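This report covers aromatic contacts. Please view the sequence and the structure first.

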Amino acid sequence: METVQLSYPLPQDGRPDDSAKVLAIGDFDGVHLGHREVIQRAVERGAELQLPAAIMTFHPHPRQVLGMDKYTKLLTPLAAKQELLQQLQVDTTYVVDFSESFMRVTPEQFVEHMLVPMKVSTVFVGFDFTFGYKGAGTPDTLCDLAKGRFAVEVVRPFHRNGEKVSSTLIRECLLRGDIAEANALLARPYRLEGTVVHGDGRGRTIGFPTANLEVSQPYVIPANGVYAVQVTVGGRKVGGVMNVGVKPTFVTGLTQPALEAHLFDFHETIYGENVQVELLAFIREERRFASVQELISQIGQDADQARSILAARKTIQNS
């Protein structure tokens, strides 16, 4: 998959990518089930028309530029999003610089100076797609502005258990610790990525050494608690149990959650290495223990439960 950076306005001629294409437009944070429906429709139409299927997405998140603070945290930072899009057989991803000046572009300007120069054949958008200054453009607006130069197809909302799948819903699930539902909506385990850094070394003294993760991007961090995880390190997948939280048994006043993963049957030194952590299941809430021995006993139970979850998952995958 090729990635092309774009900024407004596009040149009116001389572009190397000005051949006809099918284009799906959206922010696609999470690349969840609803997003996949829009993208898959574009890929299928591209195959029917024998045209490349492309994505137009935006960076940074439009709502972040609009001052909505919760959108400074992402489900899929740009690199993770690009990786997922490539798995969906997208030929090209166009990443549009969403600047304050671009925020003021009218719907008409967006069509005339972005879509028309790209020579789009068909545009796919979700039912709630908005574009242009103050979100004035809707799918109906896009149909009107196309003026027969390209087709517009609007994809209906994707529902799961009677509820519309959305990035907002997934954020809510993560922030209340409902990792099972978040993963179902994403159609994959929620993933964090970062570097293993030195911690306080306490885990090793109590028999459960941990890899302390410093996330590399502004991810949405799930609710404080203990999770069964699968960690990719050095190209290998290793099961483990991870605590997300403020370590109340040992520390007071910590406001930012620490991410500490104990990897099963793993004894290598991996400080400074990049790892990916997939959250598979929520085990329990974080809490303060009356003694270190009580904490050690609970961690042992957490690890046993995580091992059982991982074993059951492996059995399902192999069946």
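Is Y227 buried or exposed? Y227 is buried, at a relative accessible area of 0%. Buried means under 20% relative accessible area, exposed over 50%, and partly exposed in between (1.4 Å probe, protein chains only).

## Basis

The model is predicted: local features need pLDDT of at least 70, side-chain atom pairs count only at pLDDT 80 or more, and totals for chains, interfaces and linings use all residues. Residues are numbered from 1 along each chain as its sequence is written, and side-chain values use heavy atoms, with hydrogens and water left out.

## Aromatic pairs

There are eight aromatic pairs in the structure. Rings of Phe, Tyr and Trp (its six-membered ring) pair if their centres lie within 6.5 Å; planes under 30 degrees apart count as stacked, over 60 as edge-to-face and the rest as tilted.

F110 sits in helix α5 (residues 107–115), and F131 in the loop between β5 (120–126) and α6 (139–146), 21 residues apart. Helices (H or I, at least four residues) and strands (E, at least two) are DSSP runs, numbered from the N terminus. Both F110 and F131 are buried.

Y227 and F282 also pair: centres 5.3 Å apart, planes at 75°, so edge-to-face. Y227 is in strand β11 (residues 225–233) and F282 in strand β14 (residues 274–284), so the pair ties together parts 55 residues apart in sequence. F282 is partly exposed, at 29% relative accessibility.

## Cluster

Y8, F58, F98, F102, F110, F129 and F131 make up one aromatic cluster.
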